[in-house]
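Me: I would like to check the wording used for this model. Take me through the terms and the values behind them.

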Amino acid sequence: MTAAGSNEAAAAPTHVETDVLVIGAGGAGMYAALEAARAGATVVLADRSLIGRGGATVMAQMTVAAALGEQTPDHWEHHLSDTLAAGRGLCDERLAALLCEDGPRRLREMDSWKVGWAREDGHIKQAQAPGHDRPRCAYVDFLSTGPAVSRTLRSQLNAANGVRRIGDLLIVDIAVRDGEACGATALHVPTGQAVTLAAKAVVIATGGLTGLYRRNSASSNMGGDGYALALRAGAELIDMEFVQFFPIGHLAPRLVGMDPIMWDPFRYKLGGKLLNAEMREFEQDYATRDNRSDGRYVLTRDLATYAITREVEAGRGSPAGGAYLSFQHLPESEIRSAFGPVVDRLAANGIDLDKHPVEVAPIAHYHMGGVRADETMQTRVPGLYACGEAVGGANGANRLSGNAITEAFVFGACAGRNAAQHALQRSMLWSPQTSRPALDLLRSAQRRDAPNLAAVVAELKALMADMVGPFRTEQKLRSALEAIERLKGEIGEIPFSSAAAFDPVLADWLDLRNMLLVAQSVTVPALARTESRGAHQREDHPGLDDTWCVNQLVTLSRGSIELSRSTPSTGRAAA
Amino acid sequence: MKATLAIQRGAPGAPAHIESFEVAFEHGQSVLDGLRALRREADPSLAFRFSCINANACKECMMLIDGKVDYACTVRLKEGVTDLAPLPKKALIRDLVTEIAPPDERLLPRP
């Protein structure tokens, strides 16, 4: 490993070598790094934010689903049945089975690392979440699952041998040689230096794309950059049209210092009533009609999003444009015993649950689609792996509550182990030539301040929310594609910059290069899918269409997006 | 309502200067909301760290707010002037950004 002086950065980029490069240090990336190191590989764990701070894991509030059988007897096959049912025919059963079968082992491993799963009468407490047939979701009180998971994995990484952690490192492109992944090229954000990374295997663990939407529950770095990296490296994306909207994201009053998805745990523990402007409960109206319904009173996320949006459209929304969520029927003591110190944090925001309802509305929360990988987490590009939310397929058209952190653990561990095995059998393929295009891109950056790229990012997010949101039409999707093309023209091919050190303008440009490609990768298959299934709802094509029980694949060919179809995989992964 | 953010800007090796921006806000919005609006509306080159935006989970947006170390995502915007400066005991990178990563999580050793 060498480190060039900053004054010669332009001439000699800093170069780093490793067996396995893991991109993204959320739950999946940290687990991948730990497993790769356990398998004997040297690892670089890179994140554009700080290690273990960015991404979605740290934001998780509560549920982690696994058939532990602690609360009530359970078997992973029951968890699988629920996962497949929620996925509405599109799950890759190999990946879903891997998630459900290996989940309990990973939750117990986290338990042995002292994550602190909530306990009751000596056993791990498991809550029931919508779509699960029994209590299956472990959690850490109070609303601390994400921070506890991140802290635990960070501690394990601190103690691990062979893992080098590098924060503030923005990966620009995967390096590819003769069709194989062999490293990456990056921007070191604090100095503005280019960095080249040689690796025998690369793992994409960058999370999802909910940062593409105006209202979302993501960290700032979740604009889908890993999907763009994978596409440009030659990998396929799958199920990109399926963006999960979390139905009861906090809307009003303004709440700071808390995650907008925090009301789900409140509903798991306390029930709570979803009311329209007439102060009438309406979930039941949507649970018993048409083929959007699963016939249950407690609506899964896609149905609840539909219900709230329809109520708003019918003029029965709350003042801020959502629904009311009320806990006023509960005594203050019960709310406090369930959420302890959280009640005080709410009070500091002027929220008093036993006196007033809050307003909630759907918010972009998770992406079912992602990089297509086999049951070893390898993409079609040899040496390129993906894990966590960045992988598509396991959850089909709709994800069950609680499966996201479990898949981060399971797929992270699987990708890390297999990437290490791959790396240990390979020689280093990286050469300076493989990083040349990305280095040239960085060196071509020019000082420019118009258009304001922060405003362009905001414009793209508004566009995706309004035109490629939970309810879609051909007209909206076509206008989205036109607008994306226009924005591509506005940012051009030459990066904008404003300063050497910690340049947010250059970061925005590199983000937009990825975000616009990924926005297209969502919109094109959404336009093609002329039916409504799970999280993809077409107002002009309501209802399931059996001929659409297929996955759509997105690839990049000479800079253009290409779409193809494939039958969902049913073969299970080997245990 | 309008808030004035008086921001200490600059990079190491040159004297810092204060730039003031006015930003419109609604009751309850955070200092981080104001900084993000400033980038969209006035100066996209303004550098500050944040990741989780609103959850106070990532702890990256720590800075000096009216002379006190605090999180930009939880301190509310107010009418009148709010002074913002980088953390005083950390190495300055630029504007409100300091080196807060643990030493073994950095690419380069401290110069």
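Reply: Start with burial. Buried means under 20% relative accessible area, exposed over 50%, and partly exposed in between, with a 1.4 Å probe and protein chains only. By that cut-off, buried residues make up 65% of the 575 residues in chain A. This is a predicted model: local features need pLDDT of at least 70, side-chain atom pairs count only at pLDDT 80 or more, and totals for chains, interfaces and linings use all residues. Residues are numbered from 1 along each chain as its sequence is written.

Me: Why does A:Ala65 count as buried?

Reply: Its relative accessibility is 0%. The limit is under 20%, so A:Ala65 counts as buried.

Me: What is A:Ala65 in contact with, leaving aside its neighbours within four places in sequence?

Reply: Contact means heavy atoms within 4.5 Å. The partners of A:Ala65 include A:His79, A:His132, A:Arg136 and A:Thr406. A:His132 is 67 residues away along the chain, and its C-alpha atom is 9.0 Å from that of A:Ala65.

Me: What makes the place of A:Ala65 a strand?

Reply: Strands are DSSP runs of E, at least two residues; helices are runs of H or I, at least four. A:Ala65 is in strand β3, residues 64-65. Chain A has 15 helices and 23 strands.

Methods
Chains lettered and ligands numbered in written order. Heavy atoms only, no water.
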